[in-house]
Amino acid sequence: MAQFHLVKKHHAQIEEKVYYGKAYVAYDIWFSGSPLTDRELAEMAGHPRLTGLELRGTNVTDRGMGALAQFPGLVRLDISYTDVTVAGIQQLRSVPTLTSLTLDAKQLRELAGAPPDSLPQVQHLWLDDPRIDDAAISSLECWSGLDSVHVVQGAISDKGLERLG
């Protein structure tokens, strides 16, 4: 836990998950809305038991996405409402364990021009933005590996839902 000094600094929440008794302990950290930076994110790299990061609304950018390859157990990531663009999202290919990703409408629209299967390991996509609409979800047609799409907030019509299949 020494690597998690930033949790206290940014008043983040940490959840400890115990699997198989005490044989395996994993952590999820919520930095939501804090001023966490790319440099600070890189300081946390390498922790094998960090499985989830919520970076929603932080100061993390495309530069910080490269550090995520150094999180060997990262499964869940929320980068909504950050300045992470398609260039940063494409870097997530280097995180093979990442299966759940949360994006906002701006990021989803930018991905519409990305190559198909740009993130083949992502199986669960969470969309948490009231601006998610039929136009925004049209980019999902190129995501062949998705098992589920969760729209937490949005204005998707019945016709838009039909397109998701």
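Let's begin with a term we will need: a residue is called exposed when its relative accessible area is over 50%, buried when it is under 20%, and partly exposed in between. The model here is predicted, and it holds five salt bridges. Three of them are worked through below.

**Exercise 1.** Find how Glu 43 and Arg 39 are placed in helix 2, and say how exposed each residue is.

*Solution.*
- Start with the contact: a salt bridge joins the side chains of Arg 39 and Glu 43, at 2.5 Å from N to O.
- Next, the placement: helix 2 covers residues 38-43, and the two residues sit four apart in it, so about one helical turn separates them.
- Now apply the cut-offs: Arg 39, at 55% relative accessible area, is exposed, while Glu 43, at 36%, is partly exposed.

**Exercise 2.** Which parts of the chain does the pair Arg 56 and Asp 128 tie together?

*Solution.*
- The closest N and O atoms of this salt bridge are 2.9 Å apart.
- Arg 56 belongs to the loop between strand 3 (50-54) and helix 3 (62-65), and Asp 128 to strand 6 (residues 124-133), so the pair links parts that lie 72 residues apart in sequence.
- Check burial: Arg 56 has a relative accessible area of 18% and is buried; Asp 128, at 15%, also counts as buried.

**Exercise 3.** Decide whether Arg 131 and Asp 129 are buried, partly exposed or exposed.

*Solution.*
- The two residues form a salt bridge, with 2.6 Å between the closest N and O atoms.
- Asp 129 has a relative accessible area of 1%, so Asp 129 is buried.
- Arg 131 comes out at 44%, so Arg 131 is partly exposed.

Notes: Residues numbered from 1 in each chain as written. Predicted model: local features only at pLDDT ≥ 70, side-chain atom pairs only at ≥ 80, totals over all residues. Heavy atoms only, no water. Salt bridge = Lys/Arg side-chain N within 4 Å of Asp/Glu carboxyl O. Buried < 20%, exposed > 50% of the residue type's maximum accessible area, 1.4 Å probe, protein only.
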